[in-house]
Protein chains: 2
Amino acid sequence: MTTRDDCLALDAADPLAPFRAEFDLPEGVIYLDGNSLGALPRATGPRLQAVVAQEWGRDLIRSWNTAGWIDAPARVGGKIAGLVGARPHEVTAADSTSANLFKLVAGALSLRPGRRTILSEPGNFPTDLYVIQGLAALLGQGVRLKTVPADELVAAIDEDVAVVVLTEVHYKTGRRWPMKAVTAAAHAAGALMLWDLSHSAGAVAVDLNSADADLAVGCGYKYLNGGPGAPAFLFVAERHQAAIRSPLTGWMGHADPFAFVDAYAPAPGVRRQLCGTPPILGLSALEVGVDLHLRAPLAALEAKGKRLGDLFIELVEARCGFAGLTLASPRDAAGRGSHVSFAHADGYAMMQALIARGVIGDFRAPDILRFGFTPLYVGYADVWDAVEILRDVLETRAYDQEDYRRVSAVT
Amino acid sequence: MTTRDDCLALDAADPLAPFRAEFDLPEGVIYLDGNSLGALPRATGPRLQAVVAQEWGRDLIRSWNTAGWIDAPARVGGKIAGLVGARPHEVTAADSTSANLFKLVAGALSLRPGRRTILSEPGNFPTDLYVIQGLAALLGQGVRLKTVPADELVAAIDEDVAVVVLTEVHYKTGRRWPMKAVTAAAHAAGALMLWDLSHSAGAVAVDLNSADADLAVGCGYKYLNGGPGAPAFLFVAERHQAAIRSPLTGWMGHADPFAFVDAYAPAPGVRRQLCGTPPILGLSALEVGVDLHLRAPLAALEAKGKRLGDLFIELVEARCGFAGLTLASPRDAAGRGSHVSFAHADGYAMMQALIARGVIGDFRAPDILRFGFTPLYVGYADVWDAVEILRDVLETRAYDQEDYRRVSAVT
């Protein structure tokens, strides 16, 4: 049975432990929600101040050239490529995950003319399903979203499927799809494969090109620590870049945006997936988070995330076994990302009580308590301490208070 | 003939002059490009630091509720409404101008089933034309962009036109469309009217509802001083809000985003036009710029912008008449926004020479020197001094140097 001293020993031996000092985390908080909003890197504030005061305030419009603003999507995207097994020219940072999904699903349909089905799974992150539904409603002509449960999904990839859209690590359960095998199955049926990496990038060792993935999107504000509502990213495998079109043909995706001609002509490469003017403040903050990640080996990140998750499961089951929490994540770390969920009918109130005591996870309707183990700034003793606080909340039924049941706008 | 002393007297009597102190403009610069990238308000840096250090760093995920992040698009949009003659619930701040155009043009087509033409003018800001071209290519089925020159445009609004898309103040020439008359002409033909306010909002007294406009989009980083690549905004007249759909059905536009259900259902009102997670850093900076604007009467802003433009035209023609600059903007201020352009075959090099001397305007291909007169921080003596520097550049042919002809990435 693991003890707190064992946890301290693990922290002392952890090669990633020094990264904790790179983040500005408040005293008295154990932050287990970095998979929803990543913590603040210490370097972000000063970097943003420099962007604001010098690049914007002092150099003004000239910074599009002199500060490299115009290249920020490609530059930050190129860095993110290093975290997801892509080549720098295959990734760009732009817009939201939702908008990027729209672009790439529409693009996938154009690459597979005649095929009308977009295949996903029920319970996928809602925006993925909503965006596909919206695209299908817009296009009509039989284009449709089809959802098939995970265990039947691969068998459902038939000759009408243009693209399979899956989130590699499930936002609720942390279940991780085997990227290589599913991609191969999609290809075997002539379909394209689009991965949503929102809960993967920065947490597990994603390797898009080794899996032969076609398309991907992902989020900047979770494990990449880009800040609230940070720009997202998208990936288009080099082999598709010349043929795929974006439906969102804004001027930044034009071959020559500053020629100011009337006719759209797509930029070469992944740049055609840009739409409006790049959000420089957001990209600058995102770049700080990405730069930090690039200093940590991906394999070490993934290994630590899994060990933290294993430890959490072990301790919750050993020390909170009385409370009726049900593991909602795969027990085997190989099939899991870097967060772990338990289900309980009182989950909402339990999470509010935990948050009030400084253990910040989140709740996902209807009954999921979700805990993210961000390998860059969560330690083994943090897990121990969080479970002890959880045990106290459960033992004392501290969650059984009216004010913990009051639902706030964002859960 | 106006003298510099006259200009100083105008500045002394200018009720908007105190706003200059609210901006952090560098010494030695006369900034006449606020219509491309607005200057830095002094309050923006401290506000962003608070958002980063306290809301993100200290309060973390809780700030979605406690700091009102989740309401930021509606809150900032509601404030922008006050600058464009809309009601607060008709405007939201989101995404880029380009993405918002895509949403609203697609929405307009759904409100006018059977009509397939989107009418605009050649030489409209490129992203407007590109986005419509992209949407038409995506939809097929005869949907098309038709461009008709300004003087024939109203007559071309026929029974196949679903929506007329025009930029109220032209990005190159500053020419201003008569919003009320054109909107009425669109309605007379059964079409909807969508205004791009990118060069209007914050510079002229836009009054969408008095003009009976249906839809509008606009930019946050020009006269609104929201920072480079700031979030944009969109307007949907209340009467259309229940019927119009967005094609970009991301989770933030869902009726209940945190229910995490699989089926998309549109939020009521303008919120259904949201797509991904709101970009909090960008919205926070934008809000500072908008708050500043709300303290200045719109009519005073517009009047000053016109007087600055008139003065610039008078002085350039009187003092630089030898150089062959041709006025490319309407001479009558009533038909103009807050920027003035002159054409010259050597315009690119002239603008580079001016910028090197601290007078920052911009160049728009093929031959336009463009000067923006942001009424909040440009004064009458600034105009005098800028023209004197221009005169010197022209008299000495200072622009006739190789390094001023070297084209940079962003012009």
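This is a predicted model: local features need pLDDT of at least 70, side-chain atom pairs count only at pLDDT 80 or more; totals for chains, interfaces and linings use all residues.
In which handedness of crossing, left-handed or right-handed, does α5(B) pass α6(B)?

Residues are numbered from 1 along each chain as its sequence is written, and chains are lettered from A and ligands numbered from 1 in the order in which they are written.

**Stop 1: the interface**

Select chains A and B. In contact across them are 74 residues of chain A and 74 residues of chain B, two residues being in contact if their C-beta atoms, placed from the backbone, lie within 7 Å. On the chain A side, the elements giving two or more residues are α2 (44-58), α3 (63-66), α5 (97-111), α6 (126-139), α9 (280-294) and β12 (362-364). Helices (H or I, at least four residues) and strands (E, at least two) are DSSP runs, numbered from the N terminus. The largest share of this side, 9 residues, comes from α2(A). By class, the side has 43 nonpolar, 24 polar and 7 charged residues; Ala, Val, Leu, Ile, Met, Phe, Trp, Tyr, Cys and Pro count as nonpolar, Asp, Glu, Lys and Arg as charged, and the others, Gly among them, as polar.

**Stop 2: Tyr31(A)**

Select Tyr31(A), in strand β1 (residues 30-31) of chain A. Tyr31(A) is buried, with 23 other C-beta atoms within 10 Å; the cut-off for buried is 20 or more, for exposed 12 or fewer, with partly exposed in between. Leaving aside neighbours within four places in sequence, Tyr31(A) is in contact with Leu25(A), Ala39(A), Ile360(A) and, in the other chain, Leu60(B).

**Stop 3: the core**

Select Val105(A), Leu194(A), Val105(B) and Leu194(B). Of the 276 residues in the largest nonpolar core, these four touch the most other members. A nonpolar core is a set of buried Ala, Val, Leu, Ile, Met, Phe, Trp, Tyr and Cys residues joined through C-beta atoms within 7 Å. Beyond four places in sequence, Val105(A) touches Ile118(A), Val131(A), Ile132(A), Leu135(A), Val163(A), Val165(A) and Leu194(A).

**Stop 4: α5(B) and α6(B)**

Move to chain B and select 97-111 and 126-139. The axes of these two helices come within 9 Å and cross at roughly 45°; axes are lines fitted to C-alpha atoms, for helices over the stretch in contact, and angles run from 0 to 180 degrees between N-to-C directions. The helices are therefore oblique to each other: angles under 35 degrees count as roughly parallel, over 145 as roughly antiparallel, 65 to 115 as roughly perpendicular and the rest as oblique. As for the opening question, α5(B) passes α6(B) in a right-handed crossing, the near helix being turned clockwise from the far one by less than a right angle. Among the residues of α5(B) that meet α6(B) is Val105(B).

**Stop 5: α10(A) and α12(A)**

Return to chain A and select 298-319 and 380-395. Here the axes come within 10 Å and cross at roughly 30°, which makes α10(A) roughly parallel to α12(A). This crossing is right-handed. The contact residues divide into 10 nonpolar, no polar and 2 charged.

**Stop 6: α4(A)**

Select 72-81 of chain A. Of the 10 residues of helix α4, 9 are buried, including Lys79(A). The cover includes β2 (91-93), β8 (233-236) and α9 of chain A.
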